[in-house]
Amino acid sequence: MSTTENPTSHESADNAPESFQDPGLPYHRPRRADVDPKADKKAERQVAALFGLSILGTIIAIVSYMTLKMDGQIESIRFTNMAIGFGIFLAMIGIGLGAIHWAKTLMRDHEMVEERHELRSSDEAREGAIQNLKDGAEDSGIGGVKRRPLLVGSLVTAMLAAPLALLWPQIGNMGANWNTGEFAHTMWRKGMRLTRDPEGTPIKASDVTIGSAFHVIPEGLNDLEHGKLEEKAKAVVLLLRLDPRDLNLQPGREDWSFDGIIAFSKICTHVGCPVALYEQQTHHLLCPCHQSTFDVANGAKVVFGPAKRPLPQLPIAVDDEGYIVAQSDFHEPIGPSYWSRLKHTSDGLSSDETDGSSH
Amino acid sequence: MGARLDSAAAGTANYVDERTSIGGFFKFFARKLFPDHWSFMLGEIALYSFIVLLLSGVFLTAFFVPSMTEVTYDGPLATMQGVEMSEAFASTLHMSFEVPGGLLMRQIHHWSALLFTAAIVTHMARVFFTGAFRKPRELNWLVGFTLMILSLAAGFSGYSLPDDVLSGNGLRIIEGVTRSIPIVGEYISYWIFGGQFPGEILIPRLFTMHILLVPGLILVLVALHLFLVFLHKHTQYPGGGRTHKNVVGLPLFPVYTAKAGGFFFVVFGIVALVAALFTINPVWNYGPYDPSPVSAGTQPDWYILFVDGALRLMPGWLFDVIPMEWELWGYTLSLNLLIPALIMPGLFFGFVALYPWIESWATGDRGEKHVLDRPRNAPVRTGIGVALITFYVILVMEGSNDIIANLFHLSLNDLTKFFRIGIFVIPALAFWITRRICFGLQRKDRELVLHGKETGRIVRHEHGEYVEVHEPLTDQERWMLVSYEDIAPLEIEPEYNDRGVRRKGYRWDRFKQRLSRIYFEKRISPVTPEELAEAQHAHH
């Protein structure tokens, strides 16, 4: 390897400097447009052409808007969109590319150097600032010789308290009745029929064949004037029929199902998504949001995923006409866990005794 | 004509200046220098997509009705005939199907929202990996960090406005997570939703948040962010003539007015083209919100996906025996929600926000840093950055595990089990590998400085030896490779002074020293002139 000609390497190892020297700004190479008038003219024409393209785009956008008719069909809307959008694209990109091309070919590209100044203020300025603040504190009595701690203390207390005057009523009104016990109850009542979602038609036990699944809402939900979505968000149920030999009835719930027909809350005990996917072969219910998996054959206990608790079971029976009805409300709050859930659970159990026909 | 125009301009300028002293402002700003690099455009993309959001958003407010009042659809869309839906959803359909260009504006708005968040995150990554957050820019890093959080709030509140079944299920997840907060969670949920979920007030509340509060805050913070950029002057990449005490670049007027101003139109144009060609969030296929249906394989917008992934990853039962939902003294603590949805994002974002200080404790450096690092010259920082990104990407992948499982015919449960371990192992591995790669690259740089570039020319010496001719680097090339700072681990004063008295603040110093060792114990120093001279000597 041959030696190189540069300020550092032709010195011998003994008297080499501590560190390398900054070689300074690199040599600036002129562009073609800087030296060739023809290239300069050409770049100018290119820039103007790009600006022209933008004007063309504006015309395309406006003409498309005025001429294209929409008939409410997705195809015609897509086409109108595409035409107007393409016009806007040209209108914008023409200006953008033109300006950038102008800057890159015709404006200065020889870099300049500017010194930086330390951000810290000068000592003089700092002293001045401190003096001014001291003077101000002295004048007001916040600090200095004649301090007025009573004024400072009472002002700070008042300032801290004053926002409450505004926030208390505001926040107080934002949570409606604040009765979070509503989490614990749904509209299910003793004798209420299980009906199909969304039609609201009742389901006969004989309609439910082995392996089938029904998405269920309570009878009368569709007739609610108010709070329909809130009630639906809590009351939706999945009704399934398994071969009774596959079904392991849970202790205390032997009479909650009917000949292999069993009903569970559709709201996931993890974070409240509808548990909508039923795998007939494995009797597993899967929540598509976070993939909690519940085993219907074993009291909907969790077999995989982030949920911890089984899906609440709705006790059901069959009425005189052969329709499936609820025996009561759920015996625990449906849906995800929360701080006072267990408290609400005991409330829920006691309210079971009272069977109203509606809210 | 020209002269008259000139005098008119001068007259106007004089009129305004006599009332605002704006002349001084222009003298200061017009020729302010900005360094040039493609990576400096990432923040610009964020700014410009925000402007596109404001422009398209104003159009959308002219047609959107932020109301949850139930109506029956009676418009041109056959599949929705007679369906009950909120006015919010109905007005979204109306502006999409009956207002010419309305769907285009919705798509421009949604695409630029995705671009906005993506550009912010990429810009943050650039700032992180080049060390642009160091003194004096730590506070501006925090401003930018807050903007990132606000962009998520803006995105999520806007995504929920059409009141479709997909965003409604997203809100239900938010409701469930809110409820899991100990003691006050259920009341916060009532506060947000105005009662039970979904209530009838949420969409109007989200609307105000989405079009007034959040964008207002973003505007103020963008102004502060840019003010600080001007105040600090922009950072620059290393190179000949670029120091911590100067800025090398081109003037704001006209070069950056044209380049950056032009770039706004490029961003707008590309967003318009994408919006014209690619459908996004076709709410008419999902239908209005109904608490009962849900579909598999649907994903939230990308920036929320990592929380969804964490929620999927977290087991309800640890090793099938330890419940992740604790019942203590009659109260329920839902760790299976708190950890993935609140604690994990809190720690992750907290670490990102505080990172500039963590690194400054390790370096102990108090000087202003205006020349950026090449990522390889900060191996631990680069490793941490890659580990954070890996962590995030694993959560995003877990958030799309159903799609991945489907695509590659894998078991969904196995994939989740793999990620449950992977979330701890893979980021650590990523850190270690990245640091190794950085060291490797630094060694290669040393090699280049010491022995020059390979030329591919083989020469035979008189005594028969074949050697490849190496071409020495130019001064500019060498300077790029040797000009980085060689930081040694912190030296601290001993615990006891000579009189045997324990020093105050020793523990804190020792913590900083340990941190410093993690960063700088193992490091590759740049070539010194002495080493270079020796290497050249050896070749003769």
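This is a predicted model: local features need pLDDT of at least 70, side-chain atom pairs count only at pLDDT 80 or more; totals for chains, interfaces and linings use all residues.

**Entry 1: a helix pair in chain B.** In α12(B), I listed L305(B), F306(B), D308(B), G309(B), A310(B), R312(B) and L313(B). They meet Y392(B), L395(B), V396(B), M397(B), E398(B) and G399(B) in α14(B). I then sorted the residues of this contact by class and got 8 nonpolar, 2 polar and 3 charged.

Next I looked up the geometry. Helix α12 of chain B covers residues 305–313, and helix α14 of chain B covers 379–399. Their axes come within 7 Å and cross at roughly 75°. Angles of 65 to 115 degrees count as roughly perpendicular, so that is the label I wrote down for α12(B) against α14(B).

**Entry 2: where the chains touch.** How many residues of chain A are in contact with chain B? I noted 94 from chain A, against 103 residues of chain B.

I wanted to know which elements of chain A supply that side. Those giving two or more residues are α3 (74–105), β1 (112–115), α5 (149–174), α6 (228–235), β9 (301–304) and α7 (341–351). The most comes from α3(A), with 18 residues. By class, I have 51 nonpolar, 25 polar and 18 charged residues on the side of chain A that touches chain B.

**Entry 3: a sheet in chain A.** I traced an open sheet of 4 strands, in the order β6-β7-β8-β9, with antiparallel pairing. At the edges I found β6 (277–279) and β9 of chain A. Each has a single partner strand, so one side of each lacks a neighbour in the sheet. From one strand to the next, the twist averages 35°.

I zoomed in on β8 (residues 293–295) of chain A, which pairs with β9(A) over 3 bridges in the antiparallel sense. There, F294(A) stands opposite V302(A) in β9(A). I also jotted down that β9(A) is among the elements giving two or more residues to the side that touches chain B.

**Entry 4: domains of chain A.** Last, I looked up the division of chain A: domain 1 is 29–105 and domain 2 is 182–351. Taken over C-alpha atoms, 59 Å separate the centres of these two domains.

Definitions and conventions
Residues are numbered from 1 along each chain as its sequence is written. Chains are lettered from A and ligands numbered from 1 in the order in which they are written. Two residues are in contact if their C-beta atoms, placed from the backbone, lie within 7 Å. Ala, Val, Leu, Ile, Met, Phe, Trp, Tyr, Cys and Pro count as nonpolar, Asp, Glu, Lys and Arg as charged, and the others, Gly among them, as polar. Domain bounds come from an automatic or database domain assignment. Two strands pair if DSSP finds at least two bridges between them. Axes are lines fitted to C-alpha atoms, for helices over the stretch in contact, and angles run from 0 to 180 degrees between N-to-C directions. Angles under 35 degrees count as roughly parallel, over 145 as roughly antiparallel, 65 to 115 as roughly perpendicular and the rest as oblique.
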